[in-house]
Amino acid sequence: MTDASTDVLIVGAGPTGLTLALDLARRGAAVRIVDRSPAHPRTSRAKGPNPRSLEILADLGVVDEVLAAGSAPLPMRVYRDHRSVAETDPWADATPTPAPAPAPVPTTRFDRPWLIAQWRLEEILRARLAGHGVHVELGREVVGLAEGAGGRHVDVTFAEGRAERARYVVGCDGAHSSVRKLLGIMFDGTTAEDQVMVTGDVELDHEDLGRDRWHQWFDEDGAVMLCPIPGTRTGWWFQAGPERDADGRPLAPTLDGFRRLFTRHTGLPGHHLTRAELLSTYRVNVRMADRYRVGRVLLAGDAAHVHAIAGGLGMNTGIQDAFNLGWKLGQVLAGQADAGLLDTYEEERLPVAAWTLDLTSDRLRATLEAIREPGGNLGSAMTPETAGLGIGYRWSSLADTEAGTKATTASSAPHAGDRAPDAPCRDAATGERSHLYGAFAGPHTTVLGFGPASAAVLREVAAYGSRVRACRVYAAHEDHGTAEPGSLIDDQGHAAAAYGIGAGGSGLVVVRPDHHVGVVAPAGDPGSVREYLRRLHGAPGMVDAVR
């Protein structure tokens, strides 16, 4: 058996596992990622990241590729009895920064989700991960987990009989997670046997169905939905109510079955549907794990929770799990925090999973009710909540709420635990357009300083080196001639407004590596900032622990 030279072994190479691997790799962790599949899947599955996940992908340095490879979400054309009866665009009124967002919705550069095939997103993440020298190890199935002697590592057994060690293991291996089962973690919930859908990727050569619309046929006896797959010429996502046998049982999906469903609901000849692959039957499962951590083994993504697809939160919740966990593992591995920090992963993300299960079940009910009426469509599944921007952790032990109450009483100010709002700014050195999330991007904590009174604390922060970034945010009227590199000019006042800083005011904001507020404090009372940074990073100037 090899020694524990692997810091983190990630089991499962979908978007959740790849996000976690990439975040850890850029922190210098010795990470490996394995998957039991013999080849990378080409299934489309999830239709793309929501605005919050796009912020994460921007931080990881891949969002430009994701945007280029995908497309904006399409307007929906709805049919009844073979006739078009309605058109709607759920994102028509969405506006990104710099338009101020109405409270309590935070500002963001990304005002809508993005359509991209899951396999294409995975390709982009794998390519970025390869740049760190990490490659997915295919055909490797984990069949055993055991705590190593002294509890300092995990012994992992693979199906081929080989045993290896890792300091931590994270199961990102989906709803049927082997890691979860090996841990004996319960996956309680329900399966709605009567709520069934057949899905697949199809090739369609009918020119009358424009690829500028998501076409949806809802009839009394079933439904067919066809959405163009970005980056393909004739590829479509196909979703439908299943065919059923004489006893009402759903039939397995087939190419011929898809053709019959296509003809029945669209009135178009079935032969235009020339190929169907990656066929599957989907049943609504609403389940979640009762624990996310057992010693040095953790769960993320579908391995920890599954829910209705309404709102498109499955892949997104997994990506956001990974981004919450990655920096915490990084801090522990670097010796900057003790292993207790990992307990905050479950503390913060398990309630989010429970909320997501409730939200998606509610959106599914709303959608099923809407499509009973002519013109009803899948837009009923989309709400401001499904953008993911309002998710925060005010209940967390990492949220310094006492400091926040002393800092400001502005109703628009974020609380400790909230997602940190973005805002447009200018780079103080170059004058080029920038934004706050540009300062946050990377494996570090950020301290924002508003007003001249914040300067002294920001100079202290410099002692943390690359672990903490100090960012002075100048008001438009302030002299920034001696600004430190990385400083920003809040030329339109959006940043100050987003953080509840009044005209001519000052303040300090600590932003965690996952873009959530840790502390909001007055610039003249920096004690809570110092204490919080010590909790996350140890003493200033402390050298990272040798692995």
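This is a predicted model: local features need pLDDT of at least 70, side-chain atom pairs count only at pLDDT 80 or more; totals for chains, interfaces and linings use all residues.

Me: OK, which residues have the most contacts inside the largest nonpolar core?

Reply: They are Val-8, Ile-10, Ile-33, Val-66 and Val-170, in a core of 96 residues. A nonpolar core here is a set of buried Ala, Val, Leu, Ile, Met, Phe, Trp, Tyr and Cys residues joined through side-chain atoms within 4.5 Å, and buried means under 20% relative accessible area, with exposed over 50% and partly exposed in between (1.4 Å probe, protein chains only).

Me: And which helix gives the largest share of this core?

Reply: Helix α7 (residues 314-333) does, with nine residues; helices (H or I, at least four residues) and strands (E, at least two) are DSSP runs, numbered from the N terminus. There is also a second, separate core of 21 residues, which includes Ala-420, Ala-439, Phe-450 and Ala-495.

Me: What is Val-66 in contact with, neighbours within four places in sequence aside?

Reply: With those neighbours set aside, Val-66 touches Pro-49, Leu-54, Leu-57, Trp-114, Ile-116, Leu-121 and Ile-124, where contact means heavy atoms within 4.5 Å.

Me: Switching to aromatics, how many pairs does the structure hold?

Reply: It holds six, counting rings of Phe, Tyr and Trp (its six-membered ring) whose centres lie within 6.5 Å; planes under 30 degrees apart count as stacked, over 60 as edge-to-face and the rest as tilted. One of them is Tyr-79 with Trp-217, which is stacked because the ring centres are 4.6 Å apart and the planes lie at 15°. That pair links distant parts of the chain, with Tyr-79 in strand β3 (residues 76-80) and Trp-217 in strand β10 (residues 214-219), 138 residues apart.

Me: Are Tyr-79 and Trp-217 buried or exposed?

Reply: Both Tyr-79 and Trp-217 are buried. Tyr-292 and Tyr-345 form a tilted pair, 5.6 Å centre to centre with 45° between the planes. Tyr-292 counts as buried at 0% relative accessibility, and Tyr-345 is likewise buried, with a relative accessible area of 0%.

Me: New topic: how many residues of α1 are buried?

Reply: Twelve of the twelve are buried, so α1 is largely enclosed by the rest of the structure; among them are Leu-18, Asp-23 and Arg-26. Just after α1, Gly-28 takes a positive phi of about 85°.

Me: Last one, in what order do the strands of the open sheet of eight come?

Reply: The order is β4-β3-β10-β11-β12-β9-β13-β16, with mixed pairing, and two strands pair if DSSP finds at least two bridges between them. The edge strands are β4 (83-88) and β16 (305-306), each pairing on one side only.

Me: And how many bridges do β9 and β13 pair over?

Reply: Strand β9 (residues 187-204) and β13 pair in the antiparallel sense over 14 bridges, and the partner of Val-202 in β13 is Ala-276. β13 and β16 also run antiparallel, joined by two bridges, with His-305 in β16 as the bridge partner of Met-288.

Definitions and conventions:
Residues are numbered from 1 along each chain as its sequence is written. Side-chain values use heavy atoms; hydrogens and water are left out.
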